[in-house]
Amino acid sequence: TSDAEYEVGTVLQFGGEAEVTECKIFCDQRLAGVVSTNPAYLMNSHMDVDTTCAVAMTGRVPCKVLGLVEKGDILVASAKPGYAIVNNDAAAGRIIGKALENKETSGNGIIEVVVGKH
């Protein structure tokens with residue numbers, strides 16, 4: 001369950017008023033995953049609750065990111081709610097995944113990432 005409806009690519013953490021909420025802390029260890037577009041498998045789809053979202057814990061998904069990104073960069077939660085940022089020195093448990101493409105602008109954007117253990 002989620003405490004609100006979130007856009008595809010939003011970075012989520014465990015916590016909030018439900019099981020997951022928008023991540024708001026840089027490099028947060030409570031990281032849950034990224035809101036998915038088209039999950040291959042949807043766990044607990046039978047749940048009868050008001051608000052849910054498909055959270056990608058592994059696989060390839062779009063992800064909201066801040067700043068410049070190079071293909072292969074490690075992404076973690078940023079301090080901007082729901083966004084990821086590059087941190088190539090991140091510790092295990094704080095890593096969203098790796099960038100599959102470059103982002104050459106300093107502002108907000110969406111790129112494809114591989115979510116999972118890296």
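**A colleague's note on the predicted model**

1. Cys27 sits in the loop that runs between strand E2 (20-22) and E3. Please keep in mind that this is a predicted model. The phi of Cys27 is near 60°, a positive value in a residue that is not glycine. Most residues other than glycine have a negative phi. Cys27 is also buried, with a relative accessible area of 10%.

2. Now for the sheet that includes E2 and E3. Four strands make up an open sheet in the order E2-E1-E3-E4, with antiparallel pairing. The edges are taken by E2 and strand E4 (55-56); each has a single partner strand, so one side of each lacks a neighbour in the sheet. Further in, strand E1 (residues 11-14) and E3 run antiparallel and are joined by three bridges. Gln13 has Leu31 of E3 as its bridge partner.

3. The largest nonpolar core deserves a look. It has 17 residues, of which Val11, Leu75 and Ile96 touch the most other members. At least two residues of this core come from each of strand E3 (31-35), strand E5 (59-66), strand E6 (74-77), strand E8 (95-99) and strand E9 (108-115). Beyond its neighbours within four places in sequence, Ile96 is in contact with a set of residues including Val11, Leu31, Val34, Leu75, Ala84 and Val114.

4. Glu22, in strand E2, is one to check by eye. Glu22 is buried yet has no salt bridge, and the nearest side chain of opposite charge, Lys24, is 5.0 Å away. Leaving out residues up to four places away in sequence, Glu22 touches Tyr6, Thr10, Val11, Leu12, Gln13, Pro81 and Gly82.

5. How many salt bridges does the structure hold? There are three. In one of them, the side chains of Lys64 and Glu7 meet at 2.8 Å, N to O. This pair links distant parts of the chain, with Lys64 in strand E5 and Glu7 in the segment before E1, 57 residues apart. Lys64 counts as buried at 8% relative accessibility, whereas Glu7 is exposed at 53%.

6. Another salt bridge joins Glu112 and Arg60, whose closest N and O atoms are 3.3 Å apart. Glu112 belongs to strand E9 and Arg60 to strand E5, so the pair ties together parts 52 residues apart in sequence. Glu112 is partly exposed at 25% relative accessibility, and Arg60 is exposed at 59%.

7. The side chains of Arg30 and Asp28 also meet in a salt bridge (2.9 Å, N to O). Here Arg30 is partly exposed, with a relative accessible area of 34%, while Asp28 counts as buried at 2%.

Definitions and conventions:
Residues are numbered from 1 along each chain as its sequence is written. This is a predicted model: local features need pLDDT of at least 70, side-chain atom pairs count only at pLDDT 80 or more; totals for chains, interfaces and linings use all residues. Side-chain values use heavy atoms; hydrogens and water are left out. A nonpolar core is a set of buried Ala, Val, Leu, Ile, Met, Phe, Trp, Tyr and Cys residues joined through side-chain atoms within 4.5 Å. Buried means under 20% relative accessible area, exposed over 50%, partly exposed in between (1.4 Å probe, protein chains only). Contact means heavy atoms within 4.5 Å. Two strands pair if DSSP finds at least two bridges between them. Lys and Arg count as positive and Asp and Glu as negative; His and the chain ends are not counted. A salt bridge is a side-chain nitrogen of Lys or Arg within 4 Å of a carboxyl oxygen of Asp or Glu.
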